[in-house]
Amino acid sequence: MMWTAVIVAAVGCYLLKLGGLSVPPWVLERPVVERVADLIPVALLSALVAVQVFTRGHEIVVDARALGLGVAVVLLLLRAPFLVVVFGAALVAAVARLLL
Amino acid sequence: MSDAPLEPRARSAIIRDSLGVGVATGAYGVSFGAISVASGLSVAQTCALSLLVFTGASQFALVGVVAAGGAPISGALTALLLGTRNTLYGLRLAPLLAWRGVRRVLAAHVLIDESTAMSVTRETRDAARLGFLVTGVSVFVLWNVATFAGAVAGNELGDPRRYGLDAAVGAAFLALLWPRLHRRRNRLVAVAAAAVALGIVPMAPAGVPVLAAAGVALVAGVLTRERDA
């Protein structure tokens with residue numbers, strides 16, 4: 001199951017890249033296509049944040065992960081590098097679990 | 001588009017900048033490797049993702065959906081949806097890079113956020129190709145080495161929750177999203193997408209809420225007319 005997913009993602013993502021380099025540019029010149037293509041990463045990443053941080057199974061929960069996300073927001077506002085943001089959030093969540 | 005050859009000084013400046021981006025980005029691979037094995041993938045599967053999928057946000061998405069209990073195939077679908085932005089980059093870069101045949105087939109694999117950013121603003125074809133290749137290849141090499149290191153280390157650690165690695169996943173997605181939140185329209189779409197996803201979590205199978213949120217992008221893209229700044 002997992003290997004199938006890995007291969008589907010690999011083949012699909014490669015073809016999406018190659019397709020862009022091979023398709024005539026007029027496709028992009030349709031403004032609706034361009035707007036939707038711009039917005040898809042925004043919507044997906046935001047949904048991934050929400051599901052990753054605030055759910056367990058089918059339940060909505062607020063736990064140490066939410067604290068980690070709060071720290072990530074602060075670090076991003078301070079323009080911290082990616083790795084500092086990611087591991088900063090992990091560290092705070094881990095410490096919170098130890099203490100609470 | 002000028003076909004003028006590059007001066008040596010301009011050439012070394014592009015190489016230096018591109019390698020810098022390669023090193024900085026490649027290092028994220030450690031976090032991807034660690035998060036991927038924490039999500040239940042094997043070291044081999046984790047390395048296969050970095051070698052073959054090779055587009056960071058899609059890889060994080062796949063393992064993120066799996067970590068949340070989703071079917072691997074819905075993780076793959078989410079990865080594909082995120083991968084559509086590389087198609088967009090390709091459309092922009094195609095006339096600039098102007099590669100055909102085998103070169104285009106090979107170049108496509110390293111068509112990612114960073115190689116696009118380091119080539120799309122160049123004024124000559126030589127400069128664009130150099131920025132694209134040096135960035136793409138250096139990110140590819142370092143990303144894969146770092147993924148392997150992170151995956152092996154993550155495997156040795158045991159329960160990922162003890163180290164807060166489950167919180168790291170959300171932070172990684174937020175960091176990827178952050179630069180796109182400058183525009184007001186994007187912020188509205190982000191909030192709506194999160195609300196839609198959380199709203200259907202209680203009834204939908206895992207993995208589906210994230211895919212459903214893509215519908216928000218579709219609706220917003222079709223309904224808005226002007227591009228607000």
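This is a short tour of a two-chain model, stop by stop, with something to select at each one.

Before you start, know that this is a predicted model, in which local features need pLDDT of at least 70, side-chain atom pairs count only at pLDDT 80 or more, and totals for chains, interfaces and linings use all residues. Residues are numbered from 1 along each chain as its sequence is written, while chains are lettered from A and ligands numbered from 1 in the order in which they are written.

**Stop 1: chain B as a whole**

You will find 11 helices and zero strands; helices (H or I, at least four residues) and strands (E, at least two) are DSSP runs, numbered from the N terminus. Its C-alpha atoms fill a box of roughly 60 × 50 × 30 Å along the principal axes. Of the 229 residues, 55% count as buried. Buried means that 20 or more other C-beta atoms lie within 10 Å of a residue's own, exposed means 12 or fewer, and partly exposed is in between, with C-beta atoms placed from the backbone.

**Stop 2: the two domains of chain B**

Now colour 8-178 as domain 1 and 183-229 as domain 2; such bounds come from an automatic or database domain assignment. Their centres, taken over C-alpha atoms, are separated by 24 Å. Where they meet, 11 residues of domain 1 are in contact with seven residues of domain 2, contact meaning that C-beta atoms, placed from the backbone, lie within 7 Å. On the domain 1 side, helix α5 (residues 72-97) gives the most, with five residues.

**Stop 3: helix α10 of chain B**

Select residues 184-200 of chain B. How far apart are the end C-alpha atoms of this helix? They are 25 Å apart, which agrees with the 24 Å that 17 residues should span at 1.5 Å a residue; the expected span uses 1.5 Å times one less than the number of residues. Buried residues here include N186(B), V189(B) and A193(B). What covers the buried residues includes α9 (165-177) and α11 (208-223) of chain B, together with α2 (31-54) of chain A.

**Stop 4: where the chains meet**

Show both chains. The contact takes 64 residues from chain A and 82 residues from chain B. On the chain A side, α2(A) supplies the largest share, 20 residues. By class, that side has 50 nonpolar, 11 polar and three charged residues. Here Ala, Val, Leu, Ile, Met, Phe, Trp, Tyr, Cys and Pro count as nonpolar, Asp, Glu, Lys and Arg as charged, and the others, Gly among them, as polar.

**Stop 5: the core**

The largest nonpolar core has 111 residues, and L44(A) and A193(B) are among those that touch the most other members. Such a core is a set of buried Ala, Val, Leu, Ile, Met, Phe, Trp, Tyr and Cys residues joined through C-beta atoms within 7 Å. Its largest share, 13 residues, comes from α2(A). Centre on L44(A): its contacts include A61(B), L81(B), V210(B) and A214(B).

**Stop 6: a loop residue**

Finally, pick V61(A), in the loop between β2 (59-60) and α3 of chain A. Is V61(A) buried or exposed? V61(A) is exposed, because 11 other C-beta atoms lie within 10 Å. Not counting residues up to four places away in sequence, V61(A) touches F54(A), T55(A) and R56(A).

Technical notes:
Contact = placed C-beta atoms within 7 Å.
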